[in-house]
Amino acid sequence: MKTASLATFALLSLVLGCSKAPSEEILQNTPSETGKTVEVSLVNDKIDSLLVETITIDLNNDSVADTIQLRNPPADGDPGIYGTVMIALSNGTKKAFTAKDIWASVDEDFLKEHKNGVSSPNVFVFKQPKQTILVLFGFHYGSGREELTVIGIQENDVRLVFNEPYDYLLKLEDLDKDGKNELIVRNAHEMFGVVDSLKAEIGVYSPYLIYTLDKESRLNQELSESYNRENYVFAGLKYNEKIRVLYPWNGDKPRILE
Ligand SMILES: [Ca+2]
Ligand SMILES: [Ca+2]
């Protein structure tokens, strides 16, 4: 009975995940709690027709191969590549996660500065001695994306660490060298126009946000503030249309337009 209800739940999650329209509010996104990506115990993996890709790699550092399966492709003509990721570890742990919307290939810009631990274009794997981090990129619509997802694996523990609708992931790195990785994320910023006399473009304020990853993620206010002060401008941690920022053409540091 329990098995049947779990299966129903899993199926419902798949259906709901597929039918949800992308939100138009993504550009106004502010930091929020970890999203509603559904985690299900996989009770039935017989549905081979839903398989998109199988990736084999040792995720929990026991020198025995583990498996990542990408499943549940979008309906014909719909964007994205897979709606479910299933992780099976060598010790028998099996977990599946279903996207709120749909995942797609790893951002090319992100790959320019980060080396993928697997040859698949669809999942980013960062292997470290004590943990492995998987990054899944939600499909990027013109209006933004529904989710950027991080799954963390420490020994045999597999869990959803981060799931937020940011447009860009700029960095995955331990910025302050405390043994925990940081993510630098940002939302797209709308531009209003060019001011020739200032040799710059005027756009809205869209801060870089830094999250520290562990068993869960935490918006790191201190690091976020110092990073913005150093590389951008700082006027709080929220995207703000009322704050106009001057972006010089020559790549100089932006400044707030008073
Ligand atoms: Ca293993
Ligand atoms: Ca750190």
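## Terms and basis of the model

Two residues are in contact if their C-beta atoms, placed from the backbone, lie within 7 Å. The model is predicted, and local features need pLDDT of at least 70, side-chain atom pairs count only at pLDDT 80 or more, while totals for chains, interfaces and linings use all residues. Residues are numbered from 1 along each chain as its sequence is written, and chains are lettered from A and ligands numbered from 1 in the order in which they are written.

## The chain as a whole

The protein chain holds three helices and 19 strands, where helices (H or I, at least four residues) and strands (E, at least two) are DSSP runs numbered from the N terminus. Of its 258 residues, 34% count as buried; a residue is buried if 20 or more other C-beta atoms lie within 10 Å of its own, exposed if 12 or fewer, and partly exposed in between, with C-beta atoms placed from the backbone. Among the contacts in the protein chain with a separation of 6 or more, 52% come from residues 24 or more positions apart.

## Strand β16 and its partners

Strand β16, made of residues 209-213, is mostly covered, since four of its five residues are buried. Strands pair if DSSP finds at least two bridges between them. On one pairing, β13 (residues 182-186) runs antiparallel to β16 and is joined to it by four bridges, with leucine 183 standing opposite tyrosine 211.

A hairpin of three residues links β16 to β17.

## Asparagine 220

Asparagine 220 lies in the loop between β17 (217-219) and α3 (221-231), and it counts as buried because it has 20 C-beta neighbours inside 10 Å. When its neighbours within four places in sequence are left aside, asparagine 220 is in contact with Glu182, Ile210, Tyr211 and Thr212. Its C-alpha atom is separated by 5.6 Å from that of isoleucine 210, ten residues away along the chain.

Most residues other than glycine have a negative phi. Asparagine 61, however, has a positive phi near 55° and is placed in the loop between β2 (51-57) and β3 (66-71); asparagine 61 counts as partly exposed because it has 16 C-beta neighbours inside 10 Å.

Serine 63, which is found in the loop between β2 and β3, has a positive phi of about 65° although it is not a glycine. Serine 63 is exposed because 7 other C-beta atoms lie within 10 Å.
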